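Please report on the local backbone and side-chain features of this model. Keep it brief, and give the cut-offs behind each term.

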Amino acid sequence: MASDLVKSFVQMCKYLQEPCHVARFQRICGVKGTFPDKATKPDGGLPEPDSSGLRRRAQQGGRSVGVGNGAAAAGDAGVSQVNGVQGDVTPGAEPDGEDPDTARAKPLRRNSLTGDVGQEFLIHNNFLFYLFTFGTELGNEMFFIIFFPFLYWNIDALVSRRLIVVWAWNLFVGQSTKDMVRWSRPASPPVVKVEVFYNSEYSMPSTHAMTGTAIPGCLFMLSYGRWQYPFFFGLCVALSWSILVCVSRIYMGMHSVLEVITGFLYSLLILAFFYQVLDKIDSYYMMDHYAPLVIIFSHVSLGLVAFSLDSWSTSRGDTAQALGTGAGVALATHVNYQLGLLVDPPLSSLPLTLPPLSVSLVVCSLLRFVIGVAVLLVTRMVMKALTIPFLCRLFGLPTDDIRQARQHMKVELPYRYIVYSVVGFSCVSVVPLLFRIFNLA
């Protein structure tokens, strides 16, 4: 009986992992690939799919090469890269009777490892295209560099810094699991690669699904009872956020159904553990005299473990970036508390309520947000411009190709840690200090 259940479970997992389900969902949502009508045939005479996302790390001149949908578009070199939808009507190639709302599009960003621009595809439903593009952006760097600071500066510093702890550990566990499991991205064809930025990474589990579940789930658990709002409203917002991010990864052709479900459940498991200890972690970061040493040692050690799992990929950078940000925020929390600059609302004031909207409140919030994000972006740009050339000179690497230089662990690891730890520290300590100076606190 038990063996039959195991066999059924394995068969179900294999079924959910098949790329045909991703391709079918994309077709339902109005995405159509521009694949050749006849697949090329190898010596065996069988059609050979473009194994998009298959991680073939052939070492060529010291750098890893990702073979994927973007690489397959090498023959499309004559077409200039255009971000997003190129036009309202597909020119020339569409047959008679084609939907006039059909648009020809390309992936929004190059592959971050290989520089490939991706293959064109047809969009028959522009609303779903932009909806799921927004959904996938909820798991990308630019969203986090906007969301966490806005929450910290304008709404609730305690909730924000604890969210960052969950985000950093969630991303570390997810990315490390990817590099241990080593499953390839869904094959293309039949899957259309609407996104190719992460195409060179492994795919099991979906870390977008993990962060897209952990962030709204943790936000709901931390804020409910602390802030006054209906339980059903908060639950609906968290579920809608999570579902949008999870489904967007299937729409983008980046993950199978199984990988998204696994990421969702994996994140819930991690969240259940961390929710029990978040208060103790936060208190330790603030009060313990040895906390700075423990923070630096633990975050760097975890990064070294993750970087030793496999050759370089974008997942290495994401892991170090999250750990570096988490370290910077934790160190700033300790400094703020020791200097008496960290004042959380007393328990007697709970539950908190949003103040009534006024012109002065909105203007002050916008000023904090604009000035703060500008400071963070400038900090990141300056630190990046200083750190990468310095590390290249330190290790005797050429500085003419930054992309190739960053594929060396000894450059990428310290670069990500230094830059994003400074960004995280600035967000929690430096920028609020500027607000006090400009009377915006």
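Arg-182 lies in the loop between α6 and α7. Helices here are DSSP runs of H or I with at least four residues, strands are runs of E with at least two, and both are numbered from the N terminus. Arg-182 is not a glycine, yet its phi is positive, at about 60 degrees. Its relative accessible area is 43%, so Arg-182 is partly exposed. Buried means under 20% relative accessible area, exposed means over 50%, and partly exposed is in between, with a 1.4 Å probe and protein chains only.

This is a predicted model, in which local features need pLDDT of at least 70, side-chain atom pairs count only at pLDDT 80 or more, and totals for chains, interfaces and linings use all residues. Residues are numbered from 1 along each chain as its sequence is written, and side-chain values use heavy atoms, with hydrogens and water left out.

Asn-439 also has a positive phi, near 60 degrees, and is a residue other than glycine. Asn-439 sits in the segment after α14 (409-437). With 68% relative accessibility, Asn-439 counts as exposed.

| Peptide bond | Form | Omega |
|---|---|---|
| Ser-188 to Pro-189 | cis | near -5 degrees |
| Met-204 to Pro-205 | cis | near 5 degrees |

Pro-189 is placed in the loop between α6 (157-181) and α7. Pro-205 is found in the loop between α6 and α7.

Helix α7 covers residues 207-223 and includes Thr-213. Is Thr-213 buried or exposed? Thr-213 is buried, because its relative accessible area is 4%. The side chains of Thr-213 and Ser-242 are joined by a polar contact of 2.9 Å. A polar contact is a pair of N or O atoms within 3.5 Å; within protein, one must be able to donate a hydrogen and the other to accept it, and residues adjacent in sequence count only if both atoms are side-chain atoms. Neighbours within four places in sequence aside, Thr-213 is in contact (heavy atoms within 4.5 Å) with Ser-242, Cys-246, Phe-264, Ser-267 and Leu-268.

The surface comes last. Val-6, Phe-9, Val-10 and Met-12 make a nonpolar surface patch of about 370 Å². Phe-9 is in helix α1 (residues 2-17). Patches take residues with over 30% relative accessible area and no salt bridge, joining like charges within 9 Å and nonpolar side chains (Val, Leu, Ile, Met, Phe, Trp, Tyr) within 5 Å. A salt bridge is a side-chain nitrogen of Lys or Arg within 4 Å of a carboxyl oxygen of Asp or Glu.

Methods:
Areas by Shrake-Rupley, 256 points an atom, 1.4 Å probe, with all protein chains shown as cover.
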